[in-house]
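Here's a quick briefing to read alongside the model. Have a look at the structure first, then work through the notes below.

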Amino acid sequence: MKSLCLIFRVHQPLPLRKYRFFDIGADHGYYDDYTLENHMKKLAVECYLPATDLLLNQVSRYGGAMKAAIYLSGSTLELFNRYTPGVTARFRELASTGQIEFLGGTWSHSLACLASEQALALQAGNHQAAIRDLTGQTTEVFLNPGLLYSDEIGQMAANLGYKGIITEGARHILGWKSPGFLYCNPLQPRLKVLMRHYKLSEDLECRFSDPHWEGFPLTADKYFGWLLNGGQPAESIHLCLDLETFGHYHPASSGIFRFLDHLLYLINHSGEISLSTPSEILNSLQPVSMINVPNPLSQAGEERDASLWIGNDLQNEALNLLYGIADMVTATQDPRILCDWHQLQDSDHFRFMSENTPAPPLHHRKSPYNSPYEAFLNYMNILNDLTIRVKSHFSGPSPEEIIRNLKNRVNDLEKEIEKSKEEIHRLRKRKKGH
Amino acid sequence: MRVLMFGWEFPPHISGGLGTACCGLTRGLTEVGGVSLLFVVPRAWGDEETAGISLMGANQIPVVYTRSVEKETWETVTEQIRVNSPLLPYQSPEEFWALKSRSYPKGTRFVEVTEAGTIPFTGSYGPTLFEEIRRYALVAGQIAISNDFEVIHAHDWMAYPAGIEASRRSGKPLVIHVHATEFDRSGGNINSIVYNIEREGMEAAGRIIAVSNLTRHTIIEKYRIPPRKVVTVYNAAEPLTEEEKKGIKKGITEKIVTFMGRITYQKGPEYFVEAAALVLSRMENVRFVMAGSGDMMEAMIGHAARLGITGHFHFTGFLRGDDAYRMLRMSDVFVMPSVSEPFGIVPLEAMLANVPVIISRQSGVAEVLRYAIKTDFWDTYALADAIYGLLNYPVLAHLFTERGKVEAGNLKWKNAAEEVLKVYRSLLEETFTKTDRT
């Protein structure tokens with residue numbers, strides 16, 4: 001029986017505020033909290049709450065037959081905690097059913113894998129900890145932003161202890177091969193590679209409510225037919241889409257929720273397709289061959305390479321500066337600096353500097369900037385401020401000095417209080433004398 | 001195709017972008033080929049860069065013999081330019097009084113001519129500008145009947161009356177080229193005489209060429225011209241010669257940020273001064289240069305002094321030809337914060353000279369450029385931020401320099417000329433079909 005692997009991604013970037021060069025060294029608030037709060041609350045209502053509800057309902061209806069996987073970035077989890085704790089609760093509930101596998105990845109949806117193994121380890125470690133906190137699960141399958149992957153990235157993930165990784169089933173890599181099988185990394189054959197079926201994934205993510213698309217209107221029966229009789233032979237089909245597909249990319253009025261509901265009904269009653277989690281696929285299927293990916297591969301654009309994030313000089317410059325201060329940042333041990341540094345790694349900041357026209361489905365997350373250059377200027381101003389903070393951390397007074405200064409100040413104040421008390425005492429006496 | 005073109009200025013005797021654009025367009029037309037051009041300016045100096053075209057000064061055309069024939073005509077023309085009088089040429093005060101003592105129809109006008117029977121022109125924008133425009137039109141009619149051509153092309157309002165008159169006298173269709181409108185020049189406080197001249201030109205013309213969509217909209221909305229008559233043809237820039245490409249040594253190690261253009265309301269100089277003060281509050285090793293002259297220059301000097309930045313802020317006055325290029329090449333950033341700019345060729349020249357540019361969104365050139373930072377002219381903080389970014393993030397400046405040069409290089413006068421030729425052809429076709437019908 002064919003298995004179907006459903007993977008939902010959940011990540012929202014932190015919008016940066018307009019950060020002028022006057023702010024460098026003067027103001028360390030980098031984020032547009034107002035926009036963010038509104039955006040998160042809106043998304044919770046239109047997408048996260050109904051989508052997680054739907055999944056919970058499916059689990060209670062079909063029990064063990066209902067399976068799916070979720071990648072939830074650590075930074076977005078924090079946003080849920082801060083603005084919409086109800087969403088956090090739903091994810092925790094989903095995890096407690098045991099039917100949903102949580103995937104590993106980077107804490108802030110970052111490009112750390114393009115910088116160094118060390119940077120990746122830091123991000124992945126943070127993410128692992130955040131997910132363990134939430135679900136009690138240890139993540140085993142890795143997922144990068146934009147499904148970035150190369151032989152080298154795979155090796156890093158394997159070194160970090162991951163058993164599998166998900167990437168794009170791009171035609172220029174697969175050639176005549178089908179994405180519907182399990183592959184493995186040539187440098188670390190222990191690491192299994194799951195290839196996304198991009199056509200079927202993008203049908204939902206990008207085209208579902210497009211009236212000009214030839215497949216429109218897409219019904220669950222039609223889509224189920226495609227799953228059954230895909231052009232290429234397959235043991236398992238891997239769909240990977242943003243959870244925002246449901247309710248945000250396509251509004252509830254497009255029928256996307258009922259579509260998913262009915263599709264899951266068809267799958268669970270057909271007896272021809274069964275749902276599996278990525279880990280189950282890794283354990284049950286044998287890799288058919290190695291897959292060679294010498295250059296970074298992703299789901300972005302026609303080229304399906306990393307050029308969306310590191311395609312021009314601006315992006316490379318920003319990335320170099322960002323990871324150039326990595327050692328200093330970690331040495332500060334300052335939680336605020338560390339947090340900002342991790343947030344600034346979000347791949348979306350780099351995407352906004354791209355001169356490529358945004359490809360689906362990333363066009364749903366439009367750049368808030370008028371041009372890539374504005375995005376670069378804003379980002380660099382912020383990054384320079386962070387650099388100054390990091391440097392001043394080392395040049396400033398040592399903790400001992402700070403404590404000594406504070407103690408002196410406390411002593412001075414105490415003396416002053418004593419003086420005032422005496423003064424009060426004296427004045428009272430004089431009053432009585434009168 | 002033979003074209004009779006009227007323009008107020010031609011390099012090197014220019015006071016702004018108009019002459020540069022006229023020259024570029026004529027060169028483009030010559031390059032395309034199949035066009036013979038007669039370009040008429042009010043005053044020819046003899047040293048104009050007239051490769052491939054014939055240039056004629058209105059001051060060289062005798063008008064004396066027009067006296068008897070032209071009276072009736074002149075009533076119409078002068079009425080159009082709101083100076084209601086036919087004219088009688090005279091050469092000396094004595095003759096003037098002799099003529100004056102006779103009786104003439106109401107509103108007859110006397111015009112001073114030289115001994116050769118020509119009318120003197122200054123060709124400048126002096127206090128006698130309206131007078132000169134009127135006389136220019138008079139001569140234009142004369143030129144129109146003594147030369148052969150198919151189309152008349154008039155650049156900017158000073159030449160519209162000339163174009164109208166030439167068209168009326170010869171019966172040939174008129175194209176007018178709008179490089180700027182009164183709304184751009186005055187900032188809302190419009191001169192109604194100029195507005196009327198512009199509007200009459202636009203109404204008389206068979207086709208109107210606007211230098212950007214921004215200008216096209218102004219023409220349609222503010223002058224109430226039917227949109228089908230108005231075509232956008234973007235300007236271009238002349239590529240630099242090998243001589244000009246040679247590096248220029250900068251005497252100072254500091255960065256240079258340049259504003260170049262007339263120092264008038266339209267160009268937004270005060271926003272440049274404000275942004276300079278903001279940048280200087282954050283970094284030391286930068287100098288700001290305001291190259292150009294204009295009615296707001298003194299105010300700007302005062303403003304810079306008030307802000308206490310004169311130590312790093314310089315005024316060069318108007319720079320001509322080579323000096324302007326040298327200034328551009330020495331610059332690290334070029335800024336054009338125009339409040340209203342129909343097109344704006346100078347940023348293109350700066351890009352060709354390897355300088356990254358910042359332009360206001362309220363400029364026509366912003367419609368065609370990708371590798372330029374665009375800000376709203378009033379947002380001095382954004383402008384300052386962009387200047388700071390280009391000075392401090394070399395990779396951004398490098399990207400703009402490299403790509404900008406290619407981009408500006410692709411905007412060729414030849415392409416603009418081809419578009420203009422299309423306009424001529426469509427107009428001629430239309431005129432023919434109309435004549436056939438009648």
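In this predicted model, B:D148 pairs with B:R2 in a salt bridge, with the closest N and O atoms 3.9 Å apart (a salt bridge is a side-chain nitrogen of Lys or Arg within 4 Å of a carboxyl oxygen of Asp or Glu). B:D148 sits in the loop between α4 (129-146) and β6 (151-155) of chain B, and B:R2 is in strand β1 (residues 2-6), so the pair ties together parts that are 146 residues apart in sequence. Helices (H or I, at least four residues) and strands (E, at least two) are DSSP runs, numbered from the N terminus.

As for ground rules, this is a predicted model where local features need pLDDT of at least 70 and side-chain atom pairs count only at pLDDT 80 or more, while totals for chains, interfaces and linings use all residues. Residues are numbered from 1 along each chain as its sequence is written, chains are lettered from A and ligands numbered from 1 in the order in which they are written, and side-chain values use heavy atoms, with hydrogens and water left out.

**Salt bridges**
- B:D148 counts as exposed at 58% relative accessibility, while B:R2 is partly exposed at 35% (buried means under 20% relative accessible area, exposed over 50%, partly exposed in between, with a 1.4 Å probe and protein chains only).
- Over all chains, the structure holds 38 salt bridges.
- B:R169 bridges to B:E165 at 3.7 Å between the closest N and O atoms; both lie in helix α5 (residues 156-170) of chain B, four residues apart, about one turn of the helix.
- B:E165 is buried, with a relative accessible area of 1%.
- B:E419 and B:K422 form a salt bridge too, with closest N and O atoms 3.3 Å apart, and they are three residues apart in helix α16 (residues 413-437) of chain B.
- In chain A, a network of salt bridges links A:R9, A:E168, A:R196, A:E202, A:E205, A:D242 and A:R304.

**Where the chains meet**
- 23 residues of chain B are in contact with 18 residues of chain A (contact means heavy atoms within 4.5 Å).
- The two chains bury about 1,900 Å² between them, 62% of it on carbon and sulfur atoms; buried area is the accessible area (1.4 Å probe) that two parts lose on being put together, summed over both.
- There are four salt bridges between chain B and chain A.
- B:D379 and A:R20 meet through their side chains in a salt bridge (3.6 Å, N to O).
- On the side of chain B that touches chain A, α10 (269-280), β15 (373-375), α14 (380-392) and α15 (394-410) each supply at least two residues, and α14(B) gives the most, with seven.

**Nonpolar cores**
- The largest nonpolar core has 160 residues, and those with the most contacts inside it are A:I70, A:F91, B:F288, B:I387 and B:L396 (a core is a set of buried Ala, Val, Leu, Ile, Met, Phe, Trp, Tyr and Cys residues joined through side-chain atoms within 4.5 Å).
- Helix α1 (residues 33-62) of chain A gives the most to this core, with twelve residues.
- Beyond its neighbours within four places in sequence, B:I387 is in contact with B:V257, B:A275, B:V279, B:F288, B:V335 and B:I358.

**Chain A**
- Chain A has 18 helices and eleven strands, and buried residues make up 54% of its 434 residues.
- A:D348, in helix α16 (residues 347-351) of chain A, is buried at 2% relative accessible area.
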